[in-house]
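Student: I have a chain open here and want to go through some of its side chains. Can we start with one residue and move on from there?

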Amino acid sequence: MDGEEVLALALSGAADALYTVPGYPVTGCATRTRAEVCTNEKVALEYAFGDSLLGRRAAVVVKHVGMNLLADPLVQATAQGIVGGVVVVAGDDPLARASQVGEDSRHFGPLAMVPVVEADGPEALPAAVEEAFALSEAMARVCVLRVTPEILDAPAAARPALRGARGAGTLADPALTMRGRWERALQVTAAHTGHQAPEGVMVTIPQVSPPAGEPERFSDRGFCRTFCRHCPYRPLVSLLAERGMRPVVDAGCSLLATNPPYRIGVASYGLGSAVAVGAKSTGVALIGDYGILHSGINALIDVYEKGLPLLCIVLENRRMGMVGGQEVAGVEKYLDWARPVICRADDLAGLARLIVPADRPTTVIVTGACPEGESHEKVEC
């Protein structure tokens, strides 16, 4: 055996789902595990978060430059939290043998405030995989497992994959503000300083200075925000709530569905993330028109290619509603291949017919206009 085979066996034994974008030096490992190939690395990590929401462990196998693509949801998850462990296997190519650059993925540790795990030899890889999943669940965030060609190509005696006890992470407390969630993440990081790793395994946890006092809560402010008083999408969100449908939400106005009075939105992992996360968890995604154009379209292509059951609801108001109302291109012509159904936000009968669980990829574009001169309404929390 060599390190590649040892790693593949360990990942196959520890993870419930595996995703990849192949590339040197991890193509062989991904192939051995039969990891699901994805449109890009961001989509792969978002799929993993969908599994995590259901309590499943997931691994994402990418090369070092792929880390750049998944950096956004990687950082977002540190504040938002996860449930089942998520491990990103980063295959570094330090000498650029088969790459355009020789990045060091360990730098993503302090950037995203995530632990980085390494094995000092191929026979320690099973312990490193279990340690990575355990840390991911204990800290409720992604753990990066760094490997290099030297580890993967080295000969190794056969070692059985370890079967450690599973933990469970937690999503961020919805009563915390965004600032409070980041403060809580800092506290959890500091609490794991000095973590003792198993023999043959190296763990690096970022050094941080946690804030004094309790993380900020909405109750400290006395309010949280919801949709504008005359927002055309209030009936749609109310309909989702009435039908017990829990959409994965995106960055932007759809994020407000997590707040009172609706409280139906599931954790958001950044702009464009709702599609892939929703496809592997609740089966419903609520995303804005800019979010779908920004990066959600990559996931939607993957979802349609694989025939995953997902109701993707696109809020088309032609505005970047959260950041100043800048104009956004219409999405219909860019999603024509998905054969979307278009419905006005005030067509209540049409919404009632269309907003139902899907057994295949389904896209509904709901059109509406932002009310002029209004801002998000404040409600007590």
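**Side chains, one at a time**

Tutor: Asn 40 counts as buried because its relative accessibility is 13%, and the cut-off for buried is under 20%. Keep in mind that this is a predicted model.

Student: Where is Asn 40 found?

Tutor: Asn 40 is in the loop between strand 2 (36-37) and helix 3 (41-53).

Student: And which backbone nitrogen does the side chain of Asn 40 reach?

Tutor: That of Val 43, at 2.8 Å.

Student: Leaving aside neighbours within four places in sequence, what is Asn 40 in contact with?

Tutor: Val 21 and Asn 298.

Student: Switching to cysteines. How many disulfides does the count come to?

Tutor: One disulfide. Cys 224 and Cys 381 form a disulfide, with their sulfur atoms 2.0 Å apart. Cys 224 lies in strand 8 (residues 224-226) and Cys 381 in the segment after strand 16 (377-379), so the pair ties together parts that are 157 residues apart in sequence.

Student: Is Cys 224 buried or exposed?

Tutor: Cys 224 counts as buried, at 1% relative accessibility. Cys 381 counts as partly exposed, at 40%.

Student: What about Cys 143?

Tutor: Cys 143 is in no disulfide; the nearest cysteine sulfur, that of Cys 29, is 15 Å away. Cys 143 counts as buried, at 0% relative accessibility.

Student: OK, rings now. How many aromatic pairs are there?

Tutor: The count comes to four aromatic pairs. In one of them, the rings of Phe 49 and Tyr 269 have centres 4.4 Å apart and planes at 25°, so the pair is stacked. This pair links distant parts of the chain, 220 residues apart: Phe 49 is in helix 3, and Tyr 269 is in the loop between strand 9 (248-249) and helix 12 (274-279). Both Phe 49 and Tyr 269 are buried.

Student: And what do Tyr 304 and Trp 337 form?

Tutor: An aromatic pair that is edge-to-face, 5.3 Å centre to centre with 80° between the planes. Tyr 304 is partly exposed, with a relative accessible area of 22%, and Trp 337 counts as partly exposed at 39%.

Student: Last one: which ring does the charged end of Lys 280 sit over?

Tutor: The ring of Tyr 47, 5.0 Å from its centre. The charged end of Lys 378 sits over the ring of Phe 223, 4.5 Å from its centre.

Definitions and conventions:
Residues numbered from 1 in each chain as written. Predicted model: local features only at pLDDT ≥ 70, side-chain atom pairs only at ≥ 80, totals over all residues. Heavy atoms only, no water. Helix = DSSP H or I, 4+ residues; strand = E, 2+ residues; numbered from the N terminus. Buried < 20%, exposed > 50% of the residue type's maximum accessible area, 1.4 Å probe, protein only. Polar contact = N/O pair within 3.5 Å; in protein donor to acceptor, adjacent residues only side chain to side chain. Contact = heavy atoms within 4.5 Å. Disulfide = S-S within 2.5 Å. Phe/Tyr/Trp six-rings, centres within 6.5 Å; stacked < 30°, edge-to-face > 60°. Lys NZ or Arg CZ within 6 Å of the ring centre and 35° of its normal.
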